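Have the structure open as you read.

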Amino acid sequence: MRITIPQPQFLKTLQTVERAVNDRSTLPILANILLETTEHELTLTATDLDVGIQCRFPLAPPVERGAVALPARKLTTVVRELPDDLVVLEAKKNHTTTLNCGASHFRIPGLPAEDFPVLPQAQHDTGFSIPQAALQLLVSQTAHAMSMEETRFILNGALLAVQKDDLVMVATDGRRLAVARAPLGQPPKGAFQAVIPSKTVRELGRLLQSDDADEVVVAPLKENQLTFRFGPVTVITRLIEGQFPPYEKVIPPPSKSLLSCGRQALIDAIRRASLMTTAASQAVLFELGPSRLVVSKESPELGSAREELPVTYSGEPATIAFNPEFWLDALKTLDTDEVSIEVAGPDRPAVIRQPAFTYLVLPMKVN
């Protein structure tokens, strides 16, 4: 196998797939990237057996067919240090591969391509498609609410489901809930519902490009797997088995107690108050009145912070404690100048309710 590829494009392709590499696996082959060539393109593949990422790069034909598995971190490090020039990669019969670029010459031992796991292929006539920008927005508005605790494994990911003509993504850690939806041009014929692991959700957030015209084709695979294909990239993931909680039941009916204020001003006030939080004392106080919101935090170790914002508020005066990060995570994903929050009371969840986005936060108890 012998190919010639520009260094910048080679490095970008390597960086796309290497996030799926598992250096700590007991299987040495999983620390490698598989390089395969056909007559017209180079395909790079990495997997940890839970998430796999493939990226294709067109090559000028004719190209010699071949395949080799090379150590991911070493290969990426070497290519990153090469000059901006053509890289000539040649794999020998003993799997040793040489890289020549300008005056630089490297030799990297590899492994047989036959040892690399075979990733399943999706059928082209199954699944549905959605614009990259729409799926990226779903991910950005919900990924932060996924649980990191191992006790409830089903929450260590996000629910992706088709409801009528919409694709809905849901995530919760038990203290907050994020629900985002986007219209589908042509929904699938049958029902679709899957719980996607948090690693896959984060990788999709990294790889999807909001300004890319290519749509994402989402297709189910056998053995409880799912694939996302967009542009030259394919992401294949195992799904979390189990039943996602009935999240609709915890969303309260609309409340007339409404807080409205500038989104960026609220972000800034919460962020500044959070500077006084500690691991043992995370709660920030929201003091609500007819025309003002006071965001404050007092810490015996660090000091205090207090900021008053002009707002419109239609409920009874109240003081409510929240985890500031829960609000910052959600508010920064919105694109509106003003934000409205339903605040039913100090012991009731607060809710942002928009046509395509619902966000619920439980208050914190303070002594």
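## H5 against H6

In this predicted model, helices H5 and H6 lie roughly antiparallel to each other, because their axes make an angle of about 150°, and over 145 counts as roughly antiparallel. H5 covers residues 263–274 and H6 covers residues 324–331, with the two axes 10 Å apart. Their crossing is left-handed.

Who does the touching? On the H5 side, it's Arg263, Leu266, Ile267, Ile270, Arg271 and Ser274. H6 brings Pro324, Glu325, Trp327, Leu328 and Leu331. Sort the residues of this contact by class and you get 7 nonpolar, 1 polar and 3 charged.

## H1 against H2

Now for the other pair. The axes of H1 and H2 cross at roughly 150° and come within 9 Å, so these two helices are also roughly antiparallel to each other. The crossing of H1 and H2 is left-handed.

From H1, the residues in contact are Gln7, Phe10, Leu11, Leu14 and Gln15, and they meet Leu75, Thr76, Val79 and Arg80 of H2. That contact has 5 nonpolar, 3 polar and 1 charged residues.

## The buried face of H2

Which residues of H2 (residues 72–81) are buried? They are Ala72, Leu75, Thr76, Val78 and Val79. Looking down the axis of H2, these buried residues fall within an arc of 165°, so they line one face of the helix.

As for what covers the buried residues of H2, the list includes helix H1 (7–17) along with strands E2 (32–37), E5 (66–71), E7 (97–101) and E8 (104–108).

Key. Residues numbered from 1 in each chain as written. Predicted model: local features only at pLDDT ≥ 70, side-chain atom pairs only at ≥ 80, totals over all residues. Heavy atoms only, no water. Axes fitted to C-alpha atoms, helices over the stretch in contact; angles between N-to-C directions. Helix = DSSP H or I, 4+ residues; strand = E, 2+ residues; numbered from the N terminus. Parallel < 35°, antiparallel > 145°, perpendicular 65-115°, else oblique. Left-handed = near helix turned anticlockwise from the far one by under 90°. Contact = heavy atoms within 4.5 Å. Nonpolar A, V, L, I, M, F, W, Y, C, P; charged D, E, K, R; others polar. Buried < 20%, exposed > 50% of the residue type's maximum accessible area, 1.4 Å probe, protein only. Arc of directions from axis to C-beta.
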